[in-house]
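Please consult the sequence and the model shown here while reading.

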Amino acid sequence: MSSTQISPSDLRCSFCNKSKEEVDRLVAGPAVFICDGCIRLAEQVIAEESGQLFGDLQSRSTEDLLASIARLDTAPDHVERAVAEHVSILRERGVTWARIGETLGISRQSAWERFSGEE
């Protein structure tokens with residue numbers, strides 16, 4: 001096995017870092033994986049951002065709301081880590097800070113400051 005290949009037992013969600021064995025389903029994308037739990041969370045976040053779930057919050061159980069806030073609270077960290085991993089791979093491929101910044105809607109300098117690890 002080459003160093004760039006991942007064995008099936010090492011597959012993990014790129015967002016929550018749960019292993020394949022810890023989730024019901026793991027979906028592969030280009031250089032990333034996402035579990036069924038993170039998919040549900042993403043669907044919920046998108047629905048809440050569009051206002052579809054705000055009216056339903058009152059009818060949800062206390063346990064459901066508690067579980068929901070726990071998942072929502074961790075989402076920004078998971079997303080930031082996934083973005084940083086993507087940027088790292090793009091930099092290894094020679095993609096410029098200007099192009100990364102443009103894609104993220106920020107300046108080249110801001111992209112470098114956010115992801116380079118240098119000060």
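The lining of the largest pocket comprises 11 nonpolar, three polar and five charged residues. The structure is a predicted model, and the volume of this pocket is about 460 Å³. The second largest pocket has a volume of about 190 Å³.

**Largest pocket**

- The largest pocket, with its volume of about 460 Å³, is lined by 19 residues, of which Ser14, Ala31, Val32, Glu85 and Ile89 are the closest to its centre.
- Two or more lining residues are given by each of strand 2 (32–35) and helix 2 (62–92).
- Helix 2 provides the largest share of this lining, namely six residues.

**Second largest pocket**

- For the second largest pocket, of about 190 Å³, the lining consists of 14 residues, and those closest to the centre are Cys16, Lys18, Gly37, Cys38 and Arg71.
- By class, the lining of the second largest pocket holds five nonpolar, three polar and six charged residues.
- At least two residues of this lining come from helix 1 (36–49), and at least two from helix 2.
- Helix 1 accounts for the largest share, with five residues.

**Packing of helix 3 and helix 4**

- Two packed helices are described by the angle between their axes and the distance between the axes.
- For helix 3 (residues 97–104) and helix 4 (residues 108–115), the axes come within 7 Å and the crossing angle is roughly 95°.
- Because angles of 65 to 115 degrees count as roughly perpendicular, helix 3 is roughly perpendicular to helix 4.
- On the side of helix 3 the contact is made by Trp97, Ala98, Ile100, Gly101 and Leu104, while helix 4 contributes Arg108, Ala111, Trp112, Arg114 and Phe115.
- The residues in this contact of helix 3 with helix 4 divide into seven nonpolar, one polar and two charged.

**Strand pairing and the hairpin**

- Strand 1 (residues 26–29) pairs with strand 2 in the antiparallel sense, over four bridges.
- Within this pairing, Val27 stands opposite Ile34 of strand 2.
- The two strands form a hairpin, with two residues between strand 1 and strand 2.
- Ala31 lies in the turn of the hairpin and has a positive phi of about 70°; Ala31 is also among the residues closest to the centre of the largest pocket.

Terms used
Residues numbered from 1 in each chain as written. Predicted model: local features only at pLDDT ≥ 70, side-chain atom pairs only at ≥ 80, totals over all residues. Heavy atoms only, no water. 1 Å grid on protein atoms, 1.4 Å probe; cavity = no way out; pocket = protein on both sides within 12 Å on 5 of 7 lines; lining within 4 Å. Points joined across faces, edges and corners; volume = space filled by probe spheres on them. Nonpolar A, V, L, I, M, F, W, Y, C, P; charged D, E, K, R; others polar. Axes fitted to C-alpha atoms, helices over the stretch in contact; angles between N-to-C directions. Parallel < 35°, antiparallel > 145°, perpendicular 65-115°, else oblique. Contact = heavy atoms within 4.5 Å. Pairing = 2+ DSSP bridges.
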